[in-house]
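Dear colleague,

Please find below the structure that I am handing over to you, followed by an account of what was found in it.

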Amino acid sequence: MARVVSVQEISKHNIPEDLWTVVDGTVYDLTEFAPEHPGGAGIIIRYAGRDASTAYNEIHAPSLIKNSLHSSKIIGTLDPSSITEEWAKPPPTVSTSFSPDSKPPLDTLINTHDFVSAARQTITPKTWAFYSSAATDLNTKARNNSAYSDIGLRPRILVDVKDVDTSTAMLGQKMSVPIFCAPAAMAKMVHPDGEKGIARGCRKLGIPQCVSTNASFPITEIFEAVGEPGTYGTFDGDGKMPFFFQLYVDKQREKSAKLLREVEALGVKAIFVTVDAPVPGKREADERVKADESLSTPMSGAKAKNDAKGGALGRIMGSYIDASLSWADIPWLRKCTSLPIVLKGVQTTMDAKKAAEYGIEGIVLSNHGGRSLDTAPAPILLLLELQKNCPEIFDKMEVYVDGGVMRGTDIFKALCLGAKSVGIGRGFLFALNYGQEGVAKFVDILKDELETTMRMMGVTDLSQVHPGMLNTGAVDHLIPGWDEHPYAKWRPKAKI
């Protein structure tokens with residue numbers, strides 16, 4: 001039987017040489033662990049003899065401390081009857097948000113931009129810097145969105161559009177609307193439920209979620225969050241929602257192989273391999289704000305550590321990613337998993353063709369939300385590039401886009417140019433600012449806008465969309481051919 005420990009006894013162990021703390025009702029002896037803590041001993045010493053549950057759960061998955069510490073370090077359970085008002089007070093701290101009381105009520109948000117505005121004002125400066133930042137001068141981030149507005153719609157009239165159907169499928173998985181939650185790291189930074197809250201919102205609306213290698217929780221816990229009986233959108237069946245898994249290939253390849261075996265056994269439906277970030281991009285806004293060095297991710301094992309360059313989480317927590325990954329590794333990936341493989345981050349005709357030659361099941365036209373290489377092409381323009389140079393690609397594999405999608409019209413335009421569905425990353429993180437209810441409303445807003453667009457365009461289901469519904473004249477001159485420049489034929493001399 002577990003020992004019951006009073007607040008009075010816990011309070012006595014409040015120095016670095018004798019340090020107890022409470023996490024989720026369990027009393028731990030962290031005397032030996034504190035100096036080895038990846039985030040530094042300071043944060044642990046701050047909660048010596050106190051309850052650290054809130055601070056711990058803002059950063060870590062609940063299972064982390066249980067799995068990391070030897071059972072001998074568990075003193076017992078907290079006696080709740082001994083808690084005093086003074087002991088329950090958190091240590092003095094600075095405000096961690098811009099203006100947390102100014103968050104507008106969820107029912108006042110009417111478009112995706114409203115979620116961005118609310119997040120800008122109410123999440124912590126570091127969380128905003130991490131989520132909103134992009135590479136160097138932010139040209140690609142801006143272009144991802146603005147390119148959609150350069151493409152016009154050609155509405156048709158006098159069509160019976162009383163009933164419209166936005167449902168579709170990707171990789172054989174049903175979805176109520178052609179949106180999937182793209183992989184985004186460390187969602188717990190914006191809300192304690194993290195990826196679990198996203199999963200619950202996605203399940204309610206009937207769309208898939210792609211879980212990041214750098215998720216705040218182990219993927220088993222995210223699965224468990226939607227494991228209770230229920231429905232997946234309005235679809236009949238067992239109520240299970242489809243999950244995909246995003247993989248950053250680890251320099252220690254066996255770690256990635258083990259992770260792939262685990263997620264396949266768990267029931268993941270496909271593997272999305274990120275290929276547009278062999279190294280992290282330079283995200284200056286994120287570099288300027290120091291990272292919390294207690295931050296870590298359970299599946300990748302990455303830990304935050306500021307350095308002389310700054311505190312960009314993508315860089316300081318991405319050192320495990322293998323920059324040597326190449327086309328020659330596709331057979332290795334096939335040996336590691338029998339699941340469909342999707343390459344996330346294709347940005348040219350040449351690589352789309354090569355993916356088809358390797359038998360890849362799908363590609364995501366993406367520039368990492370503008371976070372990798374500034375002035376890389378916008379995904380909607382990449383769809384035009386593929387339609388111009390290799391239209392047969394769309395019959396050989398499924399093609400998706402992510403980056404810049406803010407409106408139902410954006411989704412419609414991508415579908416007209418051959419995309420099977422669109423991924424959204426930042427938007428789901430900003431919606432999570434309101435928990436799973438925010439996620440559900442975010443998707444519902446886009447679904448409603450897509451339905452309105454379909455009706456205005458004379459379309460009743462997504463099998464009717466095609467490129468002729470768009471006017472791309474304003475951007476056609478921007479679409480390149482193959483890998484040769486149209487007139488510059490210069491080549492550097494070989495190295496001697």
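Val 23 stands opposite Thr 26 in E4. The model is a predicted one, in which local features need pLDDT of at least 70 and side-chain atom pairs count only at pLDDT 80 or more, while totals for chains, interfaces and linings use all residues. Residues are numbered from 1 along each chain as its sequence is written, and side-chain values use heavy atoms, with hydrogens and water left out.

Helices (H or I, at least four residues) and strands (E, at least two) are DSSP runs numbered from the N terminus, and two strands pair if DSSP finds at least two bridges between them. Five strands form an open sheet of mixed pairing, in the order E1-E5-E4-E3-E2. Its edge strands, each pairing on one side only, are E1 and E2 (14-15).

Strand E3 (residues 18-23) runs antiparallel to E4 and is joined to it by four bridges. In this pairing Trp 20 stands opposite Asp 29. The hairpin of E3 and E4 has two residues between the strands, and Asp 24 takes a positive phi near 50 degrees there. On to E5: strand E4 (residues 26-29) is antiparallel to E5, with three bridges between them, and Val 27 faces Gly 76 of E5. Strand E1 (residues 4-5), by contrast, is parallel to E5 (residues 74-78) and is held to it by two bridges; here Val 4 stands opposite Thr 77.

**Aromatic pairs and charges over rings**

Rings of Phe, Tyr and Trp (its six-membered ring) pair if their centres lie within 6.5 Å; planes under 30 degrees apart count as stacked, over 60 as edge-to-face and the rest as tilted. By this rule there are 13 aromatic pairs. The rings of Phe 272 and Tyr 400 are stacked, because their centres are 6.4 Å apart and their planes lie at 20 degrees. This pair links distant parts of the chain, with Phe 272 in strand E12 (residues 271-274) and Tyr 400 in strand E15 (residues 398-402), 128 residues apart.

Buried means under 20% relative accessible area, exposed over 50%, and partly exposed in between (1.4 Å probe, protein chains only). Phe 272 counts as buried, at 0% relative accessibility, and Tyr 400 counts as buried at 0% as well.

Ring pairs also link Phe 115, Phe 428, Tyr 434 and Phe 442 into a cluster. A charge sits over a ring if NZ of Lys or CZ of Arg is within 6 Å of the ring centre and within 35 degrees of the ring normal. Lys 103 lies over the face of Tyr 434, at 5.0 Å from the ring centre. The charged end of Arg 253 sits over the ring of Trp 332, 4.9 Å from its centre.

**Two helices**

Helix H18 (residues 408-416) is mostly covered, with eight of its nine residues buried; among them are Ile 411, Phe 412 and Leu 415, and also Asp 410 and Lys 413. Helix H20 (residues 435-456) contains Val 443, which counts as buried at 1% relative accessibility.

**The second largest pocket**

On a 1 Å grid over the protein atoms alone, a pocket is an open set of points where a 1.4 Å probe fits, with protein on both sides within 12 Å along at least five of seven lines; lining residues have an atom within 4 Å of a point. The second largest pocket has a volume of about 1000 Å³. Of the 50 residues that line it, the closest to its centre are Tyr 131, Gly 369, Arg 371, Gly 425 and Arg 426. Elements that give two or more residues to this lining include helix H7 (125-132), helix H8 (139-149) and strand E16 (421-424). The largest share, five residues, comes from H6.

By class, the lining has 24 nonpolar, 19 polar and seven charged residues. Ala, Val, Leu, Ile, Met, Phe, Trp, Tyr, Cys and Pro count as nonpolar, Asp, Glu, Lys and Arg as charged, and the others, Gly among them, as polar.

With kind regards

Conventions. Grid points are joined across faces, edges and corners, and a volume is the space filled by probe spheres set on the points.
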